[in-house]
Amino acid sequence: MVRILGINGAIRPGSTADRALQHVLGLLTADGAACETFDIGTLPLLDGRPTDQLPPSVAAWREACRAADGFVIATPSYHGAMPGGLKNALDFIDAPEAGGKPFLVVAVAGGDAEPAATDVTRVMRHIGGVAGGPNVVVSRSGEAWGKGVEPATPAAADLARRAAAALLALCRLRAEGRLPGP
C-alpha cells in the first residue's frame, strides 16, 4: 500500500490550505493510499544545533518523511511566497527523507497562489523530491475553493482529481521499484 504524508503549510487547522489538503488526501485514500498528516507546528526553528540537541519532534518529522512513499504539501501564499514555518520544516529534511519521492503541491491563496507553489517545488526538487504531476494552484481561493473541504468550482475539482491520480501513479511506480532512486 502506498503511504502518503500530508503537510499543512498553513499550520492552522481549518484554513483553506488545510481543507484543500484534506480534500486531496481524501481522493488518494479513496484510490487505496494510506494517508496521514504531520503537524509541522511542533517543530522548533532551525538554528544549527547538532541533531542530538534537537527535540523529539524533529526525529518524528524526519521518520514520518522517511516512511512516506510520497507527499502532498498544501501551502498558502504569504507576501508572494510559501510561509516561513513550511520552509523551516522542509529545511529539517534532505535526500534521506525525501530523495526520489514524488510530491504534489496544493497552493491556495486569496490572491496569487503560484509563488508559493513555485517555492515549495523548488525546495522539494533541491532535496531530491520528484514532481508528481501538475501542481494544484488555486488563486482567488474564496471563489474557487469556498468554505468547505470540496472545491467550489468544477475546474478546481478536476485539477485536484488529475493531480492526485498522477501523484498516486508515480508513488506506485516508486513502491514497485520502477522509478530511479535519488
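Does G133 count as buried, partly exposed or exposed, and what relative accessibility places it there? At 38% relative accessibility, G133 counts as partly exposed (buried means under 20% relative accessible area, exposed over 50%, partly exposed in between, with a 1.4 Å probe and protein chains only). The model is predicted: local features need pLDDT of at least 70, side-chain atom pairs count only at pLDDT 80 or more, and totals for chains, interfaces and linings use all residues. Residues are numbered from 1 along each chain as its sequence is written, and side-chain values use heavy atoms, leaving out hydrogens and water.

G133 sits in the loop between β5 (130-131) and β6. Helices (H or I, at least four residues) and strands (E, at least two) are DSSP runs, numbered from the N terminus. In sequence, G133 and A166 are 33 residues apart. In space, their C-alpha atoms are 5.5 Å apart.

Strand β3 (residues 70-76) is largely enclosed by the rest of the structure, because seven of its seven residues are buried. Both faces are covered. One side carries G70, V72, A74 and P76, and the other F71, I73 and T75. In a regular strand, side chains alternate between the two faces of the sheet.

With strand β1 (residues 3-8), β3 pairs in the parallel sense over five bridges. With strand β4 (residues 102-108), the pairing is also parallel, over six bridges. V72 of β3 is the bridge partner of G6. In β4, the bridge partner of V72 is L104.

Buried residues of α5 are A116, A117, D119, V120, T121, V123 and M124. Their cover includes β3, α3, α4 (95-98), β4 and β6 (136-138). Just after α5, G128 takes a positive phi of about 100°.

The axes of α5 and helix α3 (residues 84-91) come within 11 Å and cross at roughly 5°. Axes are lines fitted to C-alpha atoms, for helices over the stretch in contact, with angles from 0 to 180 degrees between N-to-C directions. The two helices are therefore roughly parallel (angles under 35 degrees; over 145 is roughly antiparallel, 65 to 115 roughly perpendicular, the rest oblique). L86, K87 and L90 of α3 meet V120, V123 and M124 of α5 (contact means heavy atoms within 4.5 Å).

Terms used
Two strands pair if DSSP finds at least two bridges between them.
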